[in-house]
Amino acid sequence: MKTVPGPVAAVSLRLGDCALEVTWASAATAAQVVAAPAVPAQAAQPAAAAEEAVEDPALTAVTAPLVGTFYHAPEPGAAPYVRVGDRVRAGQTVGVVEAMKLMNQVVAEQEGEVVEVVAGNAEPVEYGQALVRIRVGSA
């Protein structure tokens, strides 16, 4: 069984590209390490998650229908399917998700105005992940 080299001085965690950094306190600073009080799970939520909780009810997300790679345009160099400010109609293509060399169209389910393109071009996406946000029925 192995033991840790002393008390933890700092922990850093990044979710994008999964990185975890742990800094151990040196023997000289070990006495100075003070245990921080536990943070309730609700307070630990990122600001973006808190904002989504009070999000405009007129906003809807067009989500990924499957796991794959999201593309804004039909081919490299082509104009994107939609941009922020564009009006979309129900059934209109807003992007494609490539999975196993097959291009799967992603379509808007409701009419409205594009307020955000959430997923980046050529970015891997998960099933159900928000790709584009639309303000439903806005003129």
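Which residues line the largest pocket? I began there, noting that this is a predicted model in which local features need pLDDT of at least 70 and side-chain atom pairs count only at pLDDT 80 or more, while totals for chains, interfaces and linings use all residues. Residues are numbered from 1 along each chain as its sequence is written, and side-chain values use heavy atoms, with hydrogens and water left out.

I found the lining to be Thr60, Ala61, Val62, Thr63, Pro65, Gln105, Val106, Val107, Glu109, Gln110 and Ile134. Strand S3 (59-63) and strand S7 (102-107) are the elements that give two or more residues to this lining, and S3 provides the largest share, four residues. A pocket here is an open set of points on a 1 Å grid over the protein atoms alone, where a 1.4 Å probe fits, with protein on both sides within 12 Å along at least five of seven lines; lining residues have an atom within 4 Å of a point. Strands are DSSP runs (E, at least two residues), numbered from the N terminus.

I then looked up two backbone angles. Lys101, in the loop between strand S6 (93-99) and S7, has a positive phi near 70 degrees although it is a residue other than glycine. Ala122, in the loop between strand S8 (112-117) and strand S9 (123-125), is likewise not a glycine and has a positive phi of about 65 degrees.

Last, I checked exposure, where buried means under 20% relative accessible area, exposed over 50%, and partly exposed in between (1.4 Å probe, protein chains only). Lys101 is exposed at 75%, whereas Ala122 is partly exposed at 43%. Leu13, which lies in strand S1, is exposed at 66%.
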